[in-house]
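Hi everyone, thanks for coming. Please bring up the model on your screens, and we'll walk through a few spots together.

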Amino acid sequence: MPLLSEPGRRGGQRLHPSAVLPPLNLTDREATALLVALTLADGMPYTSAARTAAAKLRRGLPDATATATRDLCDRIRITQSLPSSVDRRVLAVLEEAVASATVVRIDYRDSSGEGTRREVEGAGFLGASDGWWYLGAWCRLRQDRRLFRL
């Protein structure tokens with residue numbers, strides 16, 4: 001049991017804040033999924049409970065997992081709750097690329113229908129009010145940041 005102690009007349013011992021809850025055996029991606037889901041509850045019934053649950057989840061994570069989870073959560077932006085129409089296999093590849101900072105090759109078709117093959121470095125996802133999900137990435141072909149509609 002991790003204890004913190006303070007010497008002196010007003011000192012004493014107390015449990016470390018992470019010891020209040022049992023350790024959670026979640027990966028950074030599992031914790032991120034839960035925190036994103038709890039964030040989507042904002043404005044719905046049980047919003048307050050979702051916020052306290054998210055705070056408990058964050059406090060209960062081991063330091064390394066908490067850091068990785070915070071990093072992944074910082075790369076997700078949601079402007080409204082959106083049902084995903086993206087092929088789960090495609091999304092799984094992109095999630096892995098963002099989480100592991102690996103390059104992914106995509107076939108991209110622009111608004112005029114012109115197709116190109118791109119190598120991109122996924123930075124995060126955007127769920128936008130237009131009803132689409134986007135991959136925010138560095139495009140190696142264009143040498144610039146881009147949003148790719150999924």
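**A loop, a hairpin and some rings**

Let's start with Q143, which lies in the loop between β6 and β7. Before going on, a word on the source: this is a predicted model, where local features need pLDDT of at least 70, side-chain atom pairs count only at pLDDT 80 or more, and totals for chains, interfaces and linings use all residues. Residues are numbered from 1 along each chain as its sequence is written, and side-chain values use heavy atoms, with hydrogens and water left out. As for names, helices (H or I, at least four residues) and strands (E, at least two) are DSSP runs, numbered from the N terminus.

Q143 is not a glycine, yet its phi is positive, near 50°. Is Q143 buried or exposed? With a relative accessibility of 51%, Q143 counts as exposed. The cut-offs are under 20% relative accessible area for buried, over 50% for exposed, and partly exposed in between, with a 1.4 Å probe and protein chains only.

Now the strands on either side. β6 (residues 133-139) and β7 (residues 144-149) are antiparallel partners, with 6 bridges; strands pair if DSSP finds at least two bridges between them. W138 has R145 of β7 as its bridge partner. Their hairpin has 4 residues between the strands.

A101 is another non-glycine residue with a positive phi, about 55°. Its place is the loop between α4 (88-100) and β4, and A101 counts as exposed because its relative accessibility is 65%.

On to the rings. How many aromatic pairs are there? The count is 1, taking rings of Phe, Tyr and Trp (its six-membered ring) with centres within 6.5 Å; planes under 30 degrees apart are stacked, over 60 edge-to-face, and the rest tilted. Y108 and F148 have ring centres 5.1 Å apart and planes at 80°, so they are edge-to-face. The pair joins distant parts of the chain, with Y108 in strand β4 (residues 103-109) and F148 in strand β7, 40 residues apart. Y108 is partly exposed at 23% relative accessibility, while F148 is buried at 3%.

R149 has its charged end over the ring of W132, 3.9 Å from the ring centre; the rule asks for NZ of Lys or CZ of Arg within 6 Å of the centre and within 35 degrees of the ring normal.

Last stop: T65, in helix α3 (residues 63-73). T65 counts as buried because its relative accessibility is 16%. Leaving aside residues up to four places away in sequence, T65 touches L26, T27 and D28, where contact means heavy atoms within 4.5 Å.
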